[in-house]
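Please look at the sequence and the structure first, and then I shall describe selected parts in turn.

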Amino acid sequence: MTGLRYVYAVCRPFGTPLQAELTGVAGDPPRALTHHGLVAVVSHVPERDFAEEPLRRHLEDLDWLTETARAHQGVIDALTSVTTPLPLRLGTVFRDDSGVRTMIEAREEDFLRTLDRLEGRVEWGVKVYAESEPQESAQPAQKPASGRDYLRQRRTQTRSHEEMWQKAEAFSTRLHEKLSAFAEDSRMHPPQNPALSKVTGRNVLNAAYLVPRAHSEEFVELVDRTKGEVPGMRIELTGPWAAYSFAGETT
C-alpha cells in the first residue's frame, strides 16, 4: 500500500507480535520500522487526508478527529501491553520511510534517554470531583420574608459553598501527596472544563502518576481505599496508559 507514513510511537525492539487483526489510522495495520536500534511503529495513510493542508482542516472536524484519535489510541494501547512505547503526537506524518528514519536519527538521544526513564512504567490518571450537596437541590429554598432574610440566606449559601470547596481542596491535596509519595513521578493537569467533559461535579484534582507496572495493583488499591473517605468527593481512576504525561518534548 502506498501513502504517507503515520507514526504512532517509538520504542525499543519487542519480540511479542501485535494482534493480527489490529488496524490503525485509516484502517491500515501498523508495522515496525527499525532503525539504529529503535522501532518506529507506523502505518500508511492517504495523502488526500494527511498531507499538511487536508490534515489541518480535518483536525477541526470533531467527528474525524474522534475517529482518528480512537484508532491512534488503539495502537498505543496494543503496544503498551507488549512494551514501553513513547507515544508521538496525534497526526505525526512523514513522506516516506526515509523521513521516519531521519526523524529517529535527529532525536535518537532524547528517545533513548526517555525510554530508559520510562522502561517498565505506566501512567495512571486520577481525577477528583466535588459533587454538589444533594440536600441543596432536593429541598426548595424557603421564600425570604424580608430583604434581611434574603441576605442572610445568601450568606449561609455562600458559606456552605466555601466550606465544601475548602473540604474538597484539602482532600485532593492530601490524596495527591499520598499518591505522589507512592509513584515515581507525578504531573498536575488543569482541571477539566465541565462543558467539554460532560461530567457532573467540579474537578478539583486532575493528575497523572508514573508507576512501575509491577506495582500497579498496589497503586490501584491505594486509590480505592480513599473512595468514600469524604462524602461528596468522587474519585475517577483511569489506566494503565502509556506514559504520555512523562514523555517530555517527544510527545
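I begin with threonine 23, which lies in the loop between β1 (4–11) and β2 (31–35). Please keep in mind that this is a predicted model. Is threonine 23 buried, partly exposed or exposed? Its relative accessibility is 42%. Because buried means under 20% and exposed means over 50%, threonine 23 counts as partly exposed. Apart from residues up to four places away in sequence, threonine 23 touches Asp28, Pro29, Pro30 and Val75. Threonine 23 and histidine 72 are 49 residues apart in sequence, and from C-alpha to C-alpha they are 9.4 Å apart in space.

Let us turn to aspartate 97, a residue of helix α4 (residues 97–106). With a relative accessible area of 16%, aspartate 97 is buried, because the cut-off for that word is under 20%. Which side chain makes a polar contact with the side chain of aspartate 97? The partner is the side chain of arginine 5, at 2.7 Å. Not counting residues up to four places away in sequence, aspartate 97 touches Arg5, Arg31 and Leu33.

Next comes helix α5, which spans residues 108–118. Its buried residues are Glu108, Phe111, Thr114, Leu115 and Leu118. Viewed down the axis of α5, these residues fall within an arc of 140 degrees, so they line one face of the helix. What covers the buried residues of α5? The covering elements include β1, β3 (38–45), β4 (86–87), α4, β6 and β8. After α5 comes glycine 120, which has a positive phi, near 75 degrees.

Finally, I come to the nonpolar cores. The largest has 21 residues, and those touching the most other members are Val126, Val128, Leu175, Leu179, Tyr209 and Phe219. At least two residues of this core are supplied by each of β6 (121–130), α7 (147–182), β8 (202–212), α9 (216–226) and β9 (233–241). Consider leucine 175: setting aside its neighbours within four places in sequence, this residue is in contact with Val126, Val128, Leu205, Thr226 and Ile235. There is also a second, separate core of 19 residues, and among them are Val7, Leu86, Ala208 and Ala247.

Thank you for your attention.

Key:
Residues are numbered from 1 along each chain as its sequence is written. This is a predicted model: local features need pLDDT of at least 70, side-chain atom pairs count only at pLDDT 80 or more; totals for chains, interfaces and linings use all residues. Side-chain values use heavy atoms; hydrogens and water are left out. Helices (H or I, at least four residues) and strands (E, at least two) are DSSP runs, numbered from the N terminus. Buried means under 20% relative accessible area, exposed over 50%, partly exposed in between (1.4 Å probe, protein chains only). A polar contact is a pair of N or O atoms within 3.5 Å; within protein, one must be able to donate a hydrogen and the other to accept it, and residues adjacent in sequence count only if both atoms are side-chain atoms. Contact means heavy atoms within 4.5 Å. A nonpolar core is a set of buried Ala, Val, Leu, Ile, Met, Phe, Trp, Tyr and Cys residues joined through side-chain atoms within 4.5 Å. The arc is that of the directions from the helix axis to the C-beta atoms.
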